[in-house]
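Please keep the sequence and the model at hand while reading.

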Amino acid sequence: LYTMDWFLGLLSLLCCCCCFYYRHLQSKKACKAEPTEWPLLGHLFGLLANLHHYHDWATVVLAGRRYNFPVQAGLTGVRFFITCDPSNVRHIFTSNFLNYPKGEEYAEIFDVLGHGIFNADGDSWRSQRAKSQLLMAAPRFRSFSARCTRDKVDKSLLPFLAHVADADAGARCDLHDVILRMTFDMTCNLVFGVDPGCLRIGLPVVPVAHAMDDVLNATFLRHIFPPACWSLMYRYELGPEKKMAVARRTIDRFAADTIAKRRSDHELGSSSDMLSSFICCSNDDDVSDDFLRDTAINLLFAGRDTTGAALSWFFYLVCKNPHVEQKILDELAPIAATKGEQQDMVAFDVSELSSLVYLHAALCECLRLYPPLPFHHKAAIAGDVLPSGHELKAGDKILVYSYSMGRMEGVWGKDCMEFRPERWVTNDGKLRREPSYKFLAFNAGPRTCLGKEVAFTQMKAVAAAVLWNFAVEAVPGHVVEPKLSVMLHMKNGLAVTVKRRKVRLSV
């Protein structure tokens with residue numbers, strides 16, 4: 001009992017000292033958003049206190065610290081360096097690429113991805129990237145991708161929105177959920193060769209899609225809590241790690257069942273999906289199920305969540321900016337006019353949309369403000385000095401904040417917070433190209449996203465079809481904000497009203 005009283009007294013004294021020290025530093029600090037460095041705890045308390053709006057808070061901190069902020073995690077010994085400095089990004093992602101792999105800790109945080117391409121470094125990464133690049137560049141896969149996109153838009157998305165619009169005047173739906181269901185179906189078709197039918201009328205519950213959301217939520221918290229903490233929670237299935245454990249079992253079961261079905265398919269050679277291609281084109285006589293599982297799950301997460309998140313924010317921004325919507329409709333009008341008025345709804349072929357400059361610019365502007373991956377995780381193998389002058393030690397973790405970079409006045413100008421697609425169009429009406437270390441939506445350097453062209457193809461097809469056929473308006477008063485996740489999903493969804501659009505085809 002005496003020992004317990006002594007311990008509580010010491011703890012109280014320590015807390016009082018921390019409070020006085022905290023108030024002392026707060027009074028001297030110019031930037032109130034910047035987290036205080038506490039004794040023993042480092043910046044950990046500040047990170048946890050701002051967890052509910054982490055992305056915007058990190059943006060304010062980085063703006064006040066000239067795009068760079070070293071973070072101390074106290075007794076855990078973990079050193080983070082957060083940056084959105086384009087010169088540092090170019091150095092880390094391109095100039096000194098070999099010194100900044102994903103790292104072992106990244107693979108532990110995203111252990112659900114196994115040894116797939118997003119976790120891999122070195123020779124394993126190069127081998128997987130070469131195989132994926134070869135398959136995705138093949139005309140057969142490109143044709144298959146375009147056909148899948150057109151079919152999903154024409155036969156699922158447009159009929160579903162028409163059902164919503166015809167159900168009742170001013171009918172509402174969560175467009176964020178609808179888009180994620182659609183991209184999950186499309187990605188499953190491209191990767192596994194199966195269509196789960198998430199977008200059927202009634203919106204059926206699909207366990208594996210729900211499991212993917214739980215994984216993304218838990219992995220974000222793994223970036224905040226010390227590894228010893230979340231690994232212990234995972235071992236005993238506590239808190240968010242309990243959902244992670246259940247979700248992983250669901251994903252593994254889905255992958256195993258689908259791989260088994262594809263292996264038993266007697267017409268496997270005639271299929272164009274990536275799983276079938278990996279099985280048929282492998283140099284090994286017996287490519288392992290583990291390799292197929294990791295490869296397929298990596299591609300599934302990449303295709304479903306990045307495209308789905310980007311499209312959701314695109315429609316949100318278009319709803320807030322009617323003049324942008326009208327310019328997109330004006331650009332689509334000549335194409336729609338060639339289809340005649342006999343059709344109930346118009347769906348566009350991907351080839352018809354490839355030359356549309358303003359639509360492409362609007363999507364780029366959305367990706368600048370709301371990149372699907374708000375930050376990228378790197379680790380330093382050896383000590384280094386960044387172009388900003390900051391010194392890194394071997395083992396330091398780096399978070400490159402693409403979300404914040406799109407909101408920096410010094411990078412994008414005084415109108416950086418505005419949704420202005422015109423910034424992507426040159427004076428002669430052509431698309432403006434920005435360096436990848438400034439526009440990081442598709443990564444940069446040797447790890448630049450292989451699916452960039454597929455993503456733009458899908459986004460253009462969906463955006464054009466929805467905007468041309470329906471008037472989509474955000475529900476007044478509905479709060480839209482980023483979700484606490486490694487993917488920039490919407491916390492409260494996107495509540496919208498859907499009405500059939502009355503469009504004249506005269507140009």
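Does W57 count as buried or exposed? At 6% relative accessibility, W57 counts as buried, because buried means under 20% relative accessible area, exposed over 50% and partly exposed in between, with a 1.4 Å probe and protein chains only. This is a predicted model, in which local features need pLDDT of at least 70 and side-chain atom pairs count only at pLDDT 80 or more, while totals for chains, interfaces and linings use all residues. Residues are numbered from 1 along each chain as its sequence is written, and side-chain values use heavy atoms, with hydrogens and water left out.

Y54 is likewise buried, at 5% relative accessibility. Y54 and W57 are three residues apart in helix α3 (residues 54-64), so about one helical turn separates them. Helices (H or I, at least four residues) are DSSP runs, numbered from the N terminus.

A pair of aromatic rings is described by the distance of the centres and the angle of the planes. Rings of Phe, Tyr and Trp (its six-membered ring) pair if their centres lie within 6.5 Å; planes under 30 degrees apart count as stacked, over 60 as edge-to-face and the rest as tilted. The whole structure holds 16 aromatic pairs. In one of them, the ring centres of Y54 and W57 are 5.7 Å apart and the planes stand at 50°, so this pair is tilted. Y54 and W57 also belong to one aromatic cluster together with F220, F375 and Y401.

Charged side chains also meet rings. A charge sits over a ring if NZ of Lys or CZ of Arg is within 6 Å of the ring centre and within 35 degrees of the ring normal. K378 lies over the face of F93, 4.9 Å from the ring centre, and the charged end of R407 sits over the ring of Y403, 3.9 Å from its centre.

The axes of α16 (residues 357-369) and α19 (residues 452-469) come within 11 Å and cross at roughly 110°; axes are lines fitted to C-alpha atoms, for helices over the stretch in contact, and angles run from 0 to 180 degrees between N-to-C directions. The two helices are therefore roughly perpendicular, a term for angles of 65 to 115 degrees. L359, H360, L363, C364 and L367 in α16 meet F456, M459, K460, A463 and A464 in α19, where contact means heavy atoms within 4.5 Å.

How values were computed: Angles under 35 degrees count as roughly parallel, over 145 as roughly antiparallel, 65 to 115 as roughly perpendicular and the rest as oblique.
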